[in-house]
Amino acid sequence: MVDIGANGRVSDGGVFSNTVFYKNFLEKKLNIPEPDYLPGINEKFPYVFVADDAFPLSNNLMKPYPQRNLSKEKRIFNYRLSRARRIIENTFGILASRFRILLKTINLCPEKTTIIVRACCHLHNFLRKHKMEIFLEETLDIENISSGEVEPGSWRSNGQLVQIQPYQGRNSSSTAKEVRDNFCSYFNNAGAVHWQDNLFENNINL
């Protein structure tokens, strides 16, 4: 699902809160599956959307812990969340690399610009489904799991993505914070990956 046409001065969180997607999210109309078991643990976790600091934390929307006085466990949670979030960032990179009109200002009226962006998204989905072999591997971010360093995909050199603005809405519910803490515990125990502790010990910025 895409939502196109918000004023560029609106914050990321403001754009999100005014979408049909968010309205359906709040009204529980997205058909999100019921909580399910994660591998290696006898406890059910909710399905969640992965987000960054620009979005509100909720039971089904996970964002990083604030970057201050973080414990090792919380830093590892942020790292794991960032690895998942990198998927959608690479998707934008693939989209813009293929449809290069998205790499610069589109000097058309808003109505035509909306049509062009929507067409690019439709074509991207079509090509991904039917022509997977044309995806360019060199456009993607690649992580060295030994050093923790990420080699940026070529799409990042275009400098078109705007820096996110932290969400300034009301405080998250205690339940949402508990869900995040539960994921944090899982990523540091049953759901740990073998290299994450090495990254921490090597003072990699998680």
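Me: Is phenylalanine 92 buried, partly exposed or exposed, and what do such words mean?

Reply: Buried stands for under 20% relative accessible area, exposed for over 50%, and partly exposed for the range in between, with a 1.4 Å probe and protein chains only. Phenylalanine 92 has a relative accessibility of 47%, so it counts as partly exposed. The model is a predicted one, in which local features need pLDDT of at least 70, side-chain atom pairs count only at pLDDT 80 or more, and totals for chains, interfaces and linings use all residues. Residues are numbered from 1 along each chain as its sequence is written, and side-chain values use heavy atoms, with hydrogens and water left out.

Me: In which element does phenylalanine 92 lie?

Reply: Helices (H or I, at least four residues) and strands (E, at least two) are DSSP runs, numbered from the N terminus. Phenylalanine 92 belongs to helix 3. From C-alpha to C-alpha, 9.8 Å separates phenylalanine 92 from leucine 102, and the two are 10 residues apart in sequence.

Me: What does phenylalanine 99 touch?

Reply: A contact means heavy atoms within 4.5 Å. Leaving aside residues up to four places away in sequence, phenylalanine 99 touches Cys120, Leu123, His124 and Leu127. Phenylalanine 99 sits in the loop between helix 3 and helix 4 (110-130), and its relative accessible area is 15%, so it is buried. Its C-alpha is 9.4 Å from that of leucine 123, a residue 24 places away in sequence.

Me: Which residues other than glycine have a positive phi?

Reply: Lysine 28 is one of them, with a phi of about 55°. Lysine 28 is in the loop between helix 2 and strand 1 (36-37), and it is exposed because its relative accessible area is 72%. Asparagine 69 is another case, with phi near 50°. Asparagine 69 is placed in the loop between strand 4 (61-62) and helix 3 (72-98), and at 81% relative accessibility it counts as exposed.

Me: How many residues line the second largest pocket?

Reply: On a 1 Å grid over the protein atoms alone, a pocket is an open set of points where a 1.4 Å probe fits, with protein on both sides within 12 Å along at least five of seven lines; lining residues have an atom within 4 Å of a point. The second largest pocket has 32 lining residues, and Phe25, Lys28, Ser58, Asn59 and Asn60 are those nearest its centre. Helix 2 (20-26), strand 2 (44-45) and helix 5 (174-187) each give two or more residues to this lining. The largest share, 5 residues, is that of helix 5.

Me: How many disulfides are found?

Reply: A disulfide is a covalent bond between the sulfur atoms of two cysteines. The cut-off used is a pair of cysteine sulfur atoms within 2.5 Å, and a search of the whole structure finds 0.
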